[in-house]
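Please open the model in a viewer and keep the selection panel at hand.

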Amino acid sequence: MHAIVSGAGVAGLTLAGRLALDGWTVDVVERAPAPRASGYLIDFYGPGYDAAERLGLLPALRERAESFDELRIVDGSGRVRAKLAIALVEQAVQGRYLSILRPQIVDALLAALPQGATVHWGTQVETVFDDGGQVSVLLSSGERLEADLLVGADGVGSRVRQLVWGPPEQFVRPIAGLTAVAWIGDDAELVADLEGRVAMQVELDRQLMIAPLSATEVTGFAVLRGVEPSAGRAAVAGMGVLGRRALRSVREPYIDAVAQTIVPQWVRGRTVLLGDACAAVSLLAGQGASLAIAGAERLAEELSFARHPSDVVAGLAAYERDWQPIVEREQARGRRNATAFAPHTRIELEAQRAVWRAAAVPGVAALVARAAGGVTKPV
Ligand SMILES: Cc1cc2nc3c(=O)[nH]c(=O)nc-3n(C[C@H](O)[C@H](O)[C@H](O)COP(=O)(O)OP(=O)(O)OC[C@H]3O[C@@H](n4cnc5c(N)ncnc54)[C@H](O)[C@@H]3O)c2cc1C
């Protein structure tokens, strides 16, 4: 059996690895010329953590994970307003939690790729032809591939979805006018001032988080309401002491509208969508990478019964039937979380600040941590 996977990201590489272990030949087609070093910090827990354990990926992920001891809530003048021990958050999810950079997840998945899976870097699918029995694609490199299955695991702006389903405007839904800014940068002075702690600031329509990665590297992200992506950088700089320092060493942060993908049907003939291409929950749900890994495992499981090309279509239908309701539930939760990221009214802001202040009280801290479920993206 042969699969073509568009996108060497979290979902595509997980699927490729698992299918290759089941004896499939997998061609992964990735537009980027090499693994991308840029990225952001991910709270990794929930279904993806469980799937990673079953897939034997957990030791490699743990090796590449970051570790922080405390989250500090600061105000615009840099004063610490509340503190939360990160161990409490970890306890709230029974220690089944990792804080890890997205490129490090990709690195772990690439290192685990078995023989039988090949990544074609620097190329993309140009045309798709599905005759019902086989699907064939023409790559921008000029190469033609034929397979039993084509998987669009190429992110929110999915190329495969565009070619087979239609233009992105139909499927990509911005949420609550929010823009995300995320980055990794070099700033030894900021690292020293953070003293190994994560700093977070929540203002009206704004949230900012910065964490140290090494002696010189920092990572951060901000969520901004009512700010166009083109104005994202300036808006972060306007967030007081922390905001002014946040991006000063960063040349090109990731800036994009916060969005979900809503695709009513994930399967067309022998083509299927996976991960953010059909199921982006947005960073507001703090579960996108986790669901990408768990969804890939689910799809591979449904396909593991396929002994003949004609079995593939039944496997795809089972994946869509079982996995889509889980994604829809997480997407609804993500939309509800918009307020927690960027409180829109004074009352919402004060309520959130009261929760963080309460986190300084020992018994309450565990409750706040449990509600947070994630460190860098408290919900
Ligand atoms: C700022 C931010 C913070 C986040 N925080 C969290 C978090 O805390 N927890 C969490 O679980 N998730 C988080 N997420 C979400 C998470 O990153 C994604 O949901 C997850 O990476 C989705 O995996 P994917 O494989 O579908 O897409 P991606 O990992 O984006 O991979 C898609 C791949 O497809 C490639 N590609 C794109 N176009 C083409 C093309 N035309 N041809 C071939 N290849 C192509 C891309 O280069 C990329 O390699 C966050 C996202 C953002 C933006």
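Begin where the two domains meet: 12 residues of domain 1 are in contact with 11 residues of domain 2, contact being defined as C-beta atoms, placed from the backbone, that lie within 7 Å. On the domain 1 side of this contact, select α3 (58-63) and β6 (97-101), each of which supplies at least two residues. Helices (H or I, at least four residues) and strands (E, at least two) are DSSP runs, numbered from the N terminus. The side of domain 1 that touches domain 2 divides into seven nonpolar, three polar and two charged residues. In this classification, Ala, Val, Leu, Ile, Met, Phe, Trp, Tyr, Cys and Pro count as nonpolar, Asp, Glu, Lys and Arg as charged, and the others, Gly among them, as polar.

This is a predicted model, in which local features need pLDDT of at least 70 and side-chain atom pairs count only at pLDDT 80 or more, while totals for chains, interfaces and linings use all residues. Residues are numbered from 1 along each chain as its sequence is written.

Next, colour domain 1 (2-38 + 45-62 + 100-172 + 260-336) and domain 2 (67-98 + 175-258 + 340-372) separately; these bounds come from an automatic or database domain assignment. Their centres, taken over C-alpha atoms, are 30 Å apart.

Now select the ligand. Both domains give residues to the shell around it, so the ligand lies between them. The ligand is surrounded by 36 residues, the closest being Gly7, Gly9, Arg159, Gly275 and Gly288; a residue is near if its C-beta atom, placed from the backbone, lies within 6 Å. Finally, highlight α11, which provides the largest share of this shell, four residues.
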